[in-house]
Structure formats: structure tokens, C-alpha cells
Amino acid sequence: MSDVKKIKKMVMVDICHTQSVNGYDPLEIEEEALGSLYQVDKDTYILAFDTMLREKKVTTTIKVSKNTVSVVKIGEVHSRQTFSANEWYASQYFYGGASLVCRNFTKKLDYALTPEGGIIEVLYELWSGDTHLGYFNLELFIR
């Protein structure tokens, strides 16, 4: 048994997602959501929240564990992404019965979480084959 008590807490999540594609002005999306923060063990947290995109619900689940952040989104488009600083990982997207696999390179991964909340920041590049799809920054403020 772990000496860390498993917790679940209702939290507010401030989400800022920025996309910068070469030659275009950055696109920034800011949202706020009510969510749940779970502490699984002393090194692992799970954050879950729902947002709306074009009047359709998107459920986001983020797992933070040992210098890795995994993001799963379920909505009209499903996606699965894993991030770890200075590492390449696959990003997979599912839509209308088809799937697309891209590669992401994590330039920066920073998080500080407690059972009370905290921050998660991921700065990454997305690639499809040899095509650079842009720079992305995901910032989450959990309170």
C-alpha cells in the first residue's frame, strides 16, 4: 500500500492553447472548465474536464507521471498524444473512421502539481512526415 491517500478534487481549469504555423499569426484559444483532479500516487496525477467545440462536447483526460504528460481527447475528433521533454512521440488523431499519425517533439515540459492544483505547460512541434505543422503551446492552470 502506498502511504499517499488517493484524492479526488473538483477544480477549475484555465486552458490556453496556442498554435503558430510558419508565416501566419499565432492562433490562441482560451477556455475555462470545471474538472476533476485525481492524485493516483505521489508522482501521478490525472486531470479530467469537458469543454465545448462547435457546440459539441470534448472530454479531455491528462495523465502526468514521471516527466511524461499524456493527453487523450474524445469528441468529434479523438486524439491521443504523449509528451516528454526532448523526446519524439506519436500523436494520433481519429475522425470519421480514418486516422492520422503525426510526430511531436517536446521542446519544453513543465509541471507543478499538488492535490490543490498547479500548472502544466507543454511546448511542442508537430510534424507529418517531413512537413512541419507548426509550434504548439498548451498551458493549464488548475485551481
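Me: What share of the contacts with a separation of 6 or more comes from residues 24 or more positions apart?
Reply: This is a predicted model, where local features need pLDDT of at least 70, side-chain atom pairs count only at pLDDT 80 or more, and totals for chains, interfaces and linings use all residues. Residues are numbered from 1 along each chain as its sequence is written, and side-chain values use heavy atoms, with hydrogens and water left out. A contact here means heavy atoms within 4.5 Å. For the protein chain, that share is 33%.

Me: How many aromatic pairs are there?
Reply: Rings of Phe, Tyr and Trp (its six-membered ring) pair if their centres lie within 6.5 Å; planes under 30 degrees apart are stacked, over 60 edge-to-face, and the rest tilted. By this rule, the count is three.

Me: Which strands does the pair of Trp88 and Phe105 tie together?
Reply: These two rings form a tilted pair, 5.1 Å centre to centre with 50° between the planes. Strands are DSSP runs (E, at least two residues), numbered from the N terminus. Trp88 and Phe105 are 17 residues apart in sequence, so the pair ties together β7 (residues 88–95) and β8 (residues 98–114).

Me: Is the pair of Tyr124 and Phe136 stacked or tilted?
Reply: The ring centres of Tyr124 and Phe136 are 5.2 Å apart. Their planes meet at 15°, so the pair is stacked.

Me: Are Tyr124 and Phe136 buried or exposed?
Reply: Buried means under 20% relative accessible area, exposed over 50%, and partly exposed in between (1.4 Å probe, protein chains only). Tyr124 and Phe136 are both buried.

Key: Helix = DSSP H or I, 4+ residues; strand = E, 2+ residues; numbered from the N terminus.
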